[in-house]
Amino acid sequence: MMSIGWRNLKRDPWRAAVAVLGVVFAVVLVTVEVGMLMGLVRNASLLIDQSRADLWVSTVDVKTFDFATPVDNRKRYRIAAVPGVDHVEEFNVTYSVWKLPSGGNANCQVIALDEHGTLAPPLNLIEGSVEALHNQDAVIIDKGDCAKLGNIHVGDTVEILERRARVVGLTQGMSSFTTTPYIFTSLRRGERYGYLTSDSGSPSGKQSIYFLVKLSPGADLETVRNAITSGIPGVEVHTRESFSYRTRKYWLIETGVGLGFLAAAVLGLLVGGVIVSQILYAMTMEKLPEFGVMKALGAGMGEISRVVLDQGLICGGVGLVIGIACSYGIAAAAAAAGTTVEIPTGLLIGVSVITALLCTFASLFSILRLRRVEPGMVFRT
Amino acid sequence: MTPTISVRSVSKHYAGGESWAVRGISLSVFPAEVTVLMGPSGSGKTTLLSMIGGVLTPTEGSLSVCGVELSGCDESQLQSFRRGQIGFIFQSFNLLSSLTALENIELALSLRGKGPSTAAELLDHVGLAAKAQAYPMELSGGQRQRIGVARALAGDPPVLLADEPTAALDAFQGRRVMDLLRTRARESGTTVLVVTHDPRVREFADRVIEMEDGKLKRIVRRVRPEQAEDGQWLVSRTGTIVAETAST
């Protein structure tokens, strides 16, 4: 049977446009909110996920990657002595202060890695090289943070914690969950740019944040993990996956940030759904006698429901395409501003299914009303 | 001749209604004839037509149309009955506004499980081939009603039920529509039942059923010229046919 729904929309383009707008609104809000959340989640554990370490060692009860407390640096050697450990590298994360050209300060997160090592996450460099970190006062920042740090370019000299630093490279897409800019530097300079105690003669001794552990070939992960935990007091050993999960869980659930994003996405769905539902209902009510005619001509509820469903799904389809296009535009604009909005294929499929369900659900009110239409009404109009 | 439509002691009382819309009606309608159901407003004509068309169920009595006993049918059986046996023509045309003239006919064909190939032929039959792509709003009342007739004819239903088909038309357009219906009855043996209070329709009737206050007043039958004696009409109230001298 021909699509009466499509023809109804064609004859009433303004109303159809409003319904499509409702779908676009819902699609954009869901895609961007969830995409942003996915981007943040990705960022939250990016450095863990991309590291090449088999185990991460920290102080006990670390809630998230970003908030670890220092551990005595000498434990590094005890870890290295555990059977099954191939080698250990330091990896330090500390908060610091970046002096802006305007005279103000910006918080930053100094990521100090072993520039000769192999276990730290690879930097996604678009300018410069990791070897450049050997240079005096060298730091690498993310392209998305350049504006935030005072329109910085490669080669610029800056000040971190009142110490001179020089930008020698740029990464791309390496942002933190908190949007605090990452400053990548060598372990040695990291001690100068952060608040870690580097003096091994001081009462607290030299400190580190994480130890990245590579296992020897054939070593059992759990055995080594248990051996470190039981043999070295005051440390907690995580697999890459468990630490990544703990970090994501902290930001998403314990801080409530994830729920906030999801609530906004659900709200978008509700508002979009109500708009589509109201438009379809208004179109149905306007054409109630015509549905009565269809019933009188022998059309069943299946054929009549198809008219409304077609209208809903056509609006949904058009709205979905426009909404996704808009979402990509917003994602591009967000990327330029240093915010990651991830739109993977899975999200697109999910949004498409949600849109189809939304439009079907929005059609239900009209269909329920149409069930009550008597064919006899055609003789009274 | 076997009647296509048999109505036996049918009554209808609407829920909440004060009186009976139709009370104790019995009548027969025959194939290849145009039967006109006449009476003043509120006499129960349209209610009776709705029951014959399977869109209303009688409170009492029974009806059979094309051999289908409607009283025992559930909604899905009635739907199937309407789809297969009945072509409806409405006073206010009731064409689907978002479909073109051709598509309105194609819809009826599609509901009857027929392909769209005869739609253009039907449009041509009602003299509107040139208006195939016009939307109802772009057509005059007469043209819309002729589209309505073409839609009712789609799929060759054995029964055509028309509710005031000339009420919204001028005399010329009204005659044209009634001509179409009479031709259909004559040429295809279709049973045509027309509800009207338009006296001009009477001249197209083979049989006139008059109603008043929900009851049958009388049945008048036109006789063929060779059968006519004193006049053109025969009258029956109770089934006995008598001649009526003054008519048309």
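## Basis

Helices (H or I, at least four residues) and strands (E, at least two) are DSSP runs, numbered from the N terminus. By that naming, Glu162(A) sits in the loop that joins E7 to strand E8 (163–171) of chain A. The model described here is predicted.

## Chain B in outline

Chain B has 6 helices and 12 strands. Of its 248 residues, 48% are buried. Among the contacts in chain B with a separation of 6 or more, 63% are between residues 24 or more positions apart.

## Where the chains meet

The contact between the chains involves 22 residues of chain B and 20 residues of chain A. On the chain B side, helix H1 (45–52), helix H2 (75–85) and helix H3 (101–111) are the elements that give two or more residues each. H3(B) supplies the largest share, 6 residues. Sorted by class, the side of chain B that touches chain A holds 9 nonpolar, 8 polar and 5 charged residues.

## Helix packing in chain B

Two packed helices are described by the angle between their axes and the distance between the axes. H3(B), which gives 6 residues to the side touching chain A, also packs on helix H5 (residues 141–153) of chain B, at an angle of about 25 degrees and with the axes 8 Å apart. Angles under 35 degrees count as roughly parallel, so H3(B) is roughly parallel to H5(B). The crossing of H3(B) past H5(B) is right-handed.

H3(B) contributes Ala101(B), Asn104(B), Ile105(B) and Ala108(B) to this contact, and H5(B) contributes Ile147(B), Ala150(B) and Arg151(B). By class, the contact of H3(B) with H5(B) comprises 5 nonpolar residues, 1 polar and 1 charged.

## Helix packing in chain A

In chain A, helix H2 (residues 13–44) and helix H11 (residues 345–371) have axes that come within 10 Å and cross at roughly 145 degrees. H2(A) passes H11(A) in a right-handed crossing. From H2(A) the contact takes Val23(A), Ala26(A), Val27(A), Val30(A), Thr31(A), Val34(A), Gly35(A) and Met38(A); from H11(A) it takes Leu347(A), Val351(A), Ile354(A), Thr355(A), Leu358(A) and Cys359(A).

Helix H1 (residues 4–11) of chain A has Ile4(A), Gly5(A), Arg7(A), Asn8(A) and Leu9(A) buried. The buried residues of H1(A) pack against H2, helix H8 (257–286) and helix H10 (301–336) of chain A.

## Nonpolar cores

The largest nonpolar core has 127 residues, and the members that touch the most others are Val23(A), Val276(A), Leu37(B), Ile52(B), Leu181(B) and Val194(B). H2(A) gives this core its largest share, 17 residues. Val23(A) is also one of the residues through which H2(A) contacts H11(A).

Apart from neighbours within four places in sequence, Leu181(B) is in contact with Val34(B), Val149(B), Leu160(B), Ala162(B), Val192(B) and Val194(B). A second, separate core has 53 residues, including Trp98(A), Ile141(A), Ile183(A) and Phe243(A).

## Positive phi in chain A loops

Asn151(A) is not a glycine, but has a positive phi of about 50 degrees. The residue lies in the loop between strand E6 (138–142) and strand E7 (157–160) of chain A. Because Asn151(A) has 10 C-beta neighbours inside 10 Å, the residue counts as exposed; the cut-off for exposed is 12 or fewer.

Glu162(A), in the loop between E7 and E8 of chain A, also is a residue other than glycine with positive phi, here near 65 degrees. Glu162(A) has 9 other C-beta atoms within 10 Å and is therefore exposed.

## Two positions in chain B

Ala15(B) is in the loop between strand E1 (5–12) and strand E2 (22–29) of chain B. With 5 other C-beta atoms within 10 Å, Ala15(B) is exposed. Ala15(B) and Thr59(B), 44 residues apart in sequence, have their C-alpha atoms 10.0 Å apart in space.

Arg221(B) belongs to strand E10 (residues 215–222) of chain B. Arg221(B) counts as buried because 22 C-beta neighbours lie inside 10 Å, and the cut-off for buried is 20 or more. From Arg221(B) to Gly115(B), 106 residues apart along the chain, the C-alpha separation is 38 Å.

Technical notes. Residues are numbered from 1 along each chain as its sequence is written. Chains are lettered from A and ligands numbered from 1 in the order in which they are written. This is a predicted model: local features need pLDDT of at least 70, side-chain atom pairs count only at pLDDT 80 or more; totals for chains, interfaces and linings use all residues. Two residues are in contact if their C-beta atoms, placed from the backbone, lie within 7 Å. Ala, Val, Leu, Ile, Met, Phe, Trp, Tyr, Cys and Pro count as nonpolar, Asp, Glu, Lys and Arg as charged, and the others, Gly among them, as polar. Axes are lines fitted to C-alpha atoms, for helices over the stretch in contact, and angles run from 0 to 180 degrees between N-to-C directions. A crossing is left-handed if the near helix is turned anticlockwise from the far one by less than a right angle, and right-handed if clockwise. Angles under 35 degrees count as roughly parallel, over 145 as roughly antiparallel, 65 to 115 as roughly perpendicular and the rest as oblique. A nonpolar core is a set of buried Ala, Val, Leu, Ile, Met, Phe, Trp, Tyr and Cys residues joined through C-beta atoms within 7 Å.
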